[in-house]
Amino acid sequence: ICCYLLHKGVVSNSQEALDFFGKKRTLDGKGVQIPSQKRYIEYFDRLTKVYHGMLPPAPRVVLQHILLSSVPRFDPDGGCDPFVVIESRRESHGHRPCGRNEGVFTNPMEIAFDSRKSAHPQHFKGNESVLIPLCTQVAGEMRISMYDQDDLSKDDIMFCFWIHTAF
């Protein structure tokens, strides 16, 4: 809603959008509390002002590794078998206009990297840190997901996050 307020010109900057939404949504004025959501609204504000609503060129960056400061407890022994999957938005997949849903839905994302292709997931347990090497180039919008490999059932998603290399 805050981004929509910016898009329609109801407010002039991200802080005004957050304040306006907070006053209308809650009694204490605290509408958006999650830091990543606030950052997204700030990114959108910058996108509309600096780049006139167009995405800036997305540079290629190298993701070296992911470091877990301790071992998540997903397995019965208190450890995990982590692996990383990086998905990128298909270049051929555009966003559909609102209300348009004819045709067959195709997944807008494709797998750009899977750490299992270079090494079988290792089992970790205890209080040690875990370093998952990536050494892969990415550009544009990415979803980075960390999973726990399970041999007897479906792999568990441990966490995921989104990045865009343009901002």
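How many helices and strands does the secondary structure of the chain come to? Three helices and six strands, where helices (H or I, at least four residues) and strands (E, at least two) are DSSP runs numbered from the N terminus. Hi everyone, let me walk you through this one.

First, the ground rules. This is a predicted model, so to speak of a local feature I need pLDDT of at least 70, and side-chain atom pairs count only at pLDDT 80 or more, while totals for chains, interfaces and linings use all residues. Residues are numbered from 1 along each chain as its sequence is written, and side-chain values use heavy atoms, with hydrogens and water left out.

Now the overall picture. Along the sequence, the pattern reads α-α-α-β-β-β-β-β-β. The chain has a radius of gyration of 20 Å, well over the 15 Å that the globule rule gives for 167 residues, so it is more spread out than a compact globule. For that, the radius is taken over C-alpha atoms, and the rule is 2.2 Å times the number of residues to the power 0.38. Those C-alpha atoms fill a box of roughly 55 × 40 × 30 Å along the principal axes. Of the 167 residues, 35% count as buried; buried means under 20% relative accessible area, exposed over 50%, and partly exposed in between (1.4 Å probe, protein chains only).

Let's turn to helix 2, residues 14-25. Its buried residues are S14, A17, L18, F21 and G22. They cover an arc of only 125° around the axis, which puts them on the same side of helix 2; the arc is that of the directions from the helix axis to the C-beta atoms. On the face turned away from that buried side sit the exposed residues K23 and K24. Helix 1 (2-7) and helix 3 (35-50) are among what covers the buried residues.

Is T165 buried or exposed? Buried, with a relative accessible area of 14%. A polar atom of the T165 side chain lies 2.8 Å from the backbone oxygen of P59, and the backbone nitrogen of G140 lies 2.8 Å from a polar atom of that side chain. Leaving aside residues up to four places away in sequence, T165 touches A58, P59, V61, V138, A139 and G140, where contact means heavy atoms within 4.5 Å.

Technical notes:
Polar contact = N/O pair within 3.5 Å; in protein donor to acceptor, adjacent residues only side chain to side chain.
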